Amino acid sequence: MTSFTLHDKNSAPEASKPLLENSQKAFGMLPNLHAVMAEAPGLLEGYQVLHDLFLNSSFDADEKTVVWQTINVEHACHYCVPAHTGIAKSMKVSDDITNALRDETPLPNAKLEALRDFTLAMVRQRGELNAQQTQNFYDAGYSQQNVLEIILGLSQKVMSNYTNHVAQTPVDEAFAPFAWEKK
């Protein structure tokens, strides 16, 4: 496999330069994922837009983390699991939630577990859920809006997880303490 370029503001295609500046401002660093995505400005822009839209979804920080990490763990993303561990810490998400997601052990409450189960079903069944799965999700306190927001988060994570698999994106130094491998 050929190596993918980790672009910076000097090497990136012209259309990616302002996007990399946005990443630098948002994260206080240039994440390697964004440096790889810069090769295709449309991918980086789409990823940034989806990220912002998902951040502004109706989910709280714990729920966003459940959606992101459920998908990251299911896709065995060596880069996104550590990155979202660091992001969860910055969002003040409990280590109990983060560790349960990383280790695929029970979450601390039934509502978050229902969110993980539904998200996992969406990934594994490619959106082809049965009526009982959907009803269980609604019974846990979630809505049709939440179903659609999971699709939004899943779209974002497909972009990053697949990019990281193909490019073998190196984990950033800031996220290295949270290294992870699928069990």
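Visitor: Arg126 sits in a loop, but between which helices?
Guide: First, this is a predicted model, where local features need pLDDT of at least 70, side-chain atom pairs count only at pLDDT 80 or more, and totals for chains, interfaces and linings use all residues. Residues are numbered from 1 along each chain as its sequence is written, and side-chain values use heavy atoms, leaving out hydrogens and water. Helices are DSSP runs (H or I, at least four residues; strands are E, at least two), numbered from the N terminus. By that numbering, the loop with Arg126 lies between α7 and α8 (131-139).

Visitor: What is the phi of Arg126?
Guide: Most residues other than glycine have a negative phi. Arg126 is not a glycine, yet its phi is positive, about 50 degrees.

Visitor: Is Lys92 buried or exposed?
Guide: Lys92 belongs to the loop between α5 and α6, and its phi is also positive, near 65 degrees. Buried means under 20% relative accessible area, exposed over 50%, and partly exposed in between (1.4 Å probe, protein chains only). With a relative accessible area of 73%, Lys92 is exposed.

Visitor: Which residue caps the N-terminal end of α6?
Guide: Look at Asp96: its backbone nitrogen is 2.9 Å from a side-chain oxygen. The residue supplying that oxygen, and capping α6 (residues 95-103), is Ser94.

Visitor: How far from the sulfur of Cys77 is the nearest cysteine sulfur?
Guide: A disulfide is a pair of cysteine sulfur atoms within 2.5 Å, and the count here comes to zero. Cys77 is buried at 0% relative accessible area, and Cys80 is buried too, at 1%. For Cys77, the nearest cysteine sulfur belongs to Cys80, and the distance is 3.7 Å.

Visitor: How are the rings of Phe137 and Tyr138 arranged?
Guide: Rings of Phe, Tyr and Trp (its six-membered ring) pair if their centres lie within 6.5 Å; planes under 30 degrees apart are stacked, over 60 edge-to-face, and the rest tilted. Phe137 is buried at 1% relative accessibility, while Tyr138 is partly exposed at 27%. Their centres are 6.5 Å apart with 45 degrees between the planes, which makes the pair tilted.

Visitor: Which residue puts its charged end over the ring of Tyr142?
Guide: Tyr142 is in an aromatic cluster whose members include Phe54, Trp68 and Phe118. A charge sits over a ring if NZ of Lys or CZ of Arg is within 6 Å of the ring centre and within 35 degrees of the ring normal. Here the charged end is 4.7 Å from the ring centre, and it belongs to Lys111.

Notes: A polar contact is a pair of N or O atoms within 3.5 Å; within protein, one must be able to donate a hydrogen and the other to accept it, and residues adjacent in sequence count only if both atoms are side-chain atoms.
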